[in-house]
Amino acid sequence: MATEAALDTDPRTAWRLGLNQQQLAAATHEAQPLMILAGAGTGKTSTLSCRVAHFIETGTAPQRILLLTFSRRAAREMLGRVERVVGGGAQRVWSGTFHAVASRLMRLHGRAIGVQPDFTILDQADMADLLDFIRAEHGHEQRDRRFPRKGTLETIYSRTVNAQQPLAQVVERYFPWCTDEVAAIASIFTTYTNRKRAQNVLDYDDLLLYWNVLAGAEPVARQMAERFDHVLVDEYQDTNALQAEILLRLHRHVASITVVGDDAQAIYSFRAATVDNILSFANVVAHANTVTLEQNYRSTSPLVAASNAVIALSLQRHEKTLWSARSGVSRPALITCHDEADQSNLVCDSVLRSREEGTLLREQAILFRASHHSALLEVELSRRNIPFVKYGGLRFLEAAHVKDVLAILRIFENPFDEVCWFRVLQLFEGVGPAAARRLMSALGVQPATAVSPLVALLSLEADLAEPALSELAAFKELVTDCAAAGAPLPAAVEMERVRRFCKPLFERKYRSADSRLADIEQLEGLAAQSPSRSAFLSDITLDPPGSTADLAGPPLVDEDYLILSTIHSAKGGEWDVVRIIHAADGMIPSDMATGDAATVEEERRLLYVAMTRARDRMEIYFPLRYYRRPRGRDDAHGYAQLTRFVPEDIRRHFDSIAPTSRAASEDADGRGVRSGHVAVDAELQKLW
DNA sequence: AATATCCGTATTTTT
DNA sequence: TACGGATATT
């Protein structure tokens with residue numbers, strides 16, 4: 001590396017400093033199909049960023065580069081790096097997730113394939129709701145026959161579309177208990193599809209589906225693809241069949257495609273992602289070259305050794321073996337805890353110890369399989385005044401009151417959106433599903449009439465009883481203010497009016513209306529950052545707040561806080577110290593995922609992903625006892641075992657730390673004593 | 001047909 | 001814990 005840097009006197013290519021030979025080869029590889037097989041911590045992000053920078057420096061306009069990433073966060077980070085290399089302009093690179101890019105392209109080119117550019121987007125929950133609406137129409141509500149519920153229907157639908165497999169095959173393979181109902185399901189899906197089209201809405205899957213059509217329909221395909229010279233895809237191991245097809249179609253019209261990924265880190269098969277994409281890339285794409293990155297710069301060698309040992313037990317073969325030149329003495333620790341409370345305490349102790357030793361809280365992460373696994377720990381962290389930010393599993397958009405508010409905005413944006421009307425109308429007292437349906441047909445929502453349902457609403461004489469009648473009057477007023485106004489209001493202003501309209505309704509409907517209304521104020525803050533209502537609605541569905549920090553806004557910039565994250569959301573991240581909690585069988589692998597061998601293998605990779613996030617220190621915790629009833633006073637509990645992915649014969653890569661002493665455990669149980677001291681101390685502190 | 005009440009219960013992971 | 005589902009009530 002040093003020699004290359006010395007030879008390189010052109011200051012514009014100074015960025016090459018620090019790239020090893022393979023990385024440099026990948027970054028500056030000619031404009032040919034390229035696959036970069038990048039093991040964990042091998043500098044994938046720098047390499048990809050440098051490849052983008054390389055294209056820009058060799059004359060490609062930034063806006064002619066398409067960078068597809070797994071999340072908006074990843075795109076931002078990468079473009080930040082590109083910018084540091086090439087200076088300004090990097091922000092003009094087309095970047096984002098497949099879905100976000102599809103949405104942008106569809107607004108530009110959709111008309112050519114029959115998509116109105118002002119469509120609104122259905123998220124997963126909306127998809128389920130619309131399917132449920134149709135399910136009821138098709139008469140599947142009766143209880144005598146069990147029929148897949150809305151969530152199941154949505155899962156079947158998405159898998160069918162994303163895997164590009166026939167429905168019957170998908171049902172037989174993944175939902176065998178629904179095999180008898182395939183015809184009925186197909187009929188629901190047909191209606192669903194027609195309905196979406198009539199309402200000018202696209203669901204998540206449509207974004208990919210229509211992009212794929214767009215990419216295959218000449219002449220517009222050429223027009224669309226000719227925007228780009230180079231297409232780069234990050235995390236290629238987590239793309240699905242549909243995404244691969246889109247990429248291959250783009251390939252026909254662009255100068256180069258580059259994919260980066262690691263089959264050992266594939267963790268999204270539940271979303272129909274398939275490692276086949278990356279494994280077969282070289283066979284499917286003519287003249288494709290491969291560069292493999294195996295030197296891990298992130299972790300110390302004992303940590304790499306342990307991760308290697310875990311993934312080596314995989315039934316599948318991964319052709320790389322990572323190595324690290326970073327020496328380190330400490331092996332990862334396997335820490336057995338008495339129970340969950342003990343685990344929380346030990347984690348907090350360890351976090352504070354690391355901080356005392358100089359590691360910032362934000363350089364420490366706690367990772368877990370499922371979002372709720374951190375619940376008890378969060379309580380303990382708050383009790384000890386340790387600030388934290390949680391990534392992943394944020395159900396903000398799924399909260400009923402948030403959906404209510406967004407549904408109103410979406411009606412303004414797209415007055416034919418059935419799901420939103422159905423939801424909004426039921427906000428009125430005494431209006432349930434049946435009355436909502438009646439009102440919707442009076443308004444001409446579906447089948448669509450020539451006159452906008454919003455206009456129809458203003459002259460609607462509804463046969464409702466009193467409380468609902470004045471509520472409806474208030475709603476008409478809101479519509480006049482917002483949707484019928486001459487010039488569109490800023491999204492935040494509109495949100496604020498919607499909130500005032502909702503206040504009395506929420507106070508009647510929800511127990512804790514105050515905190516819910518506070519959430520809506522947060523939403524106003526988000527809306528203020530968007531240029532328009534339409535942009536706001538798209539942004540929030542395609543890039544929902546991924547962490548508690550994203551929601552609270554950016555005021556905590558220079559404050560220090562611990563990172564909590566689901567393993568899925570930790571993808572791409574790295575921290576000095578990583579602690580994995582609930583590493584017990586039943587958690588990793590999750591009980592829900594022990595069905596077949598393939599899903600168990602994915603759980604193994606999940607643990608591997610978690611382990612490879614650590615730079616210097618890794619601790620794996622698992623509680624011996626799980627109480628059946630977390631709040632119960634009884635002692636009903638079951639015993640857990642360490643995850644099967646760390647069997648006896650690879651334990652030599654770890655330091656095993658035996659259960660803590662009895663005293664420590666009682667301390668954990670006897671909270672009262674401890675918190676008493678803490679409380680007294682806190683009081684005294686105020687006096688000093 | 002809508003709403004109140006009570007019930008267990010169950011939750012992976014995310015665009 | 002909140003939520004969805006089933007039952008009872010208006």
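So, strand 2 and strand 6: 4 bridges join strand 2 to strand 6, residues 230-233, and the two run parallel. Pairing here has a cut-off, namely that DSSP finds at least two bridges between the two strands.

Before I go on, what you have on screen is a predicted model, where local features need pLDDT of at least 70 and side-chain atom pairs count only at pLDDT 80 or more, while totals for chains, interfaces and linings use all residues. Residues are numbered from 1 along each chain as its sequence is written, and chains are lettered from A and ligands numbered from 1 in the order in which they are written.

Back to strand 2. It also pairs with strand 3, residues 94-96, in the parallel sense over 3 bridges, and there Leu-68 stands opposite Gly-96. Between those two strands the chain goes through helix 4, residues 72-86, and this β-α-β crossover is right-handed. By right-handed I mean that, with the strands pointing away from the viewer, the path from the first strand over the helix to the second runs clockwise.

Which way do the residues of strand 2 point? Ile-65 and Leu-67 go one way, Leu-66 and Leu-68 go the other, and all are buried. For buried, the rule is 20 or more other C-beta atoms within 10 Å of the residue's own, with exposed at 12 or fewer and partly exposed in between, the C-beta atoms being placed from the backbone.

Now jump along to strand 12, residues 364-368. Here 5 of its 5 residues are buried, with Gln-364, Ile-366 and Phe-368 on one side and Ala-365 and Leu-367 on the other. Strand 12 pairs in the parallel sense with strand 15, residues 575-580, over 4 bridges, and with strand 14, residues 562-566, where 4 bridges join a parallel pair.

Next, the DNA. How many residues surround DNA strand B? There are 28, and the closest are Thr-97, Ser-371, Gly-392, Gly-432 and Ala-434. A residue makes that list if its C-beta atom, placed from the backbone, lies within 6 Å of the strand. Helix 20, residues 433-443, gives the largest share of that surface, 3 residues. By type, the surface splits into 11 nonpolar, 15 polar and 2 charged. In that count Ala, Val, Leu, Ile, Met, Phe, Trp, Tyr, Cys and Pro are nonpolar, Asp, Glu, Lys and Arg are charged, and the others, Gly among them, are polar.

Gly-392 comes up again with Pro-545: their C-alpha atoms are 9.0 Å apart, although the residues are 153 apart along the chain. Pro-545 sits in the loop between helix 25 (533-542) and helix 26 (548-552). Pro-545 counts as partly exposed because it has 16 other C-beta atoms within 10 Å.

Most residues other than glycine have a negative phi, and most peptide bonds are trans. Gln-446 and Pro-447 are joined by a cis peptide bond, omega about 5°, and Pro-447 is in the loop between helix 20 and helix 21 (453-458). Ile-588 and Pro-589 have a cis bond as well, omega about 0°, and Pro-589 lies in the loop between strand 15 and helix 27 (597-611).

For positive phi, look at Gln-164, near 55°, in the loop between helix 7 (150-163) and helix 8 (167-174). Glu-235 has a positive phi too, about 50°, and is found in the loop between strand 6 and helix 12 (241-251). Buried or partly exposed? Gln-164 has 14 C-beta neighbours inside 10 Å, so it counts as partly exposed. Glu-235 has 24 other C-beta atoms within 10 Å, so it is buried.

Last, the overall picture. Chain A has 29 helices and 18 strands, and 42% of its 688 residues count as buried. Its C-alpha atoms fill a box of roughly 75 × 70 × 60 Å along the principal axes.
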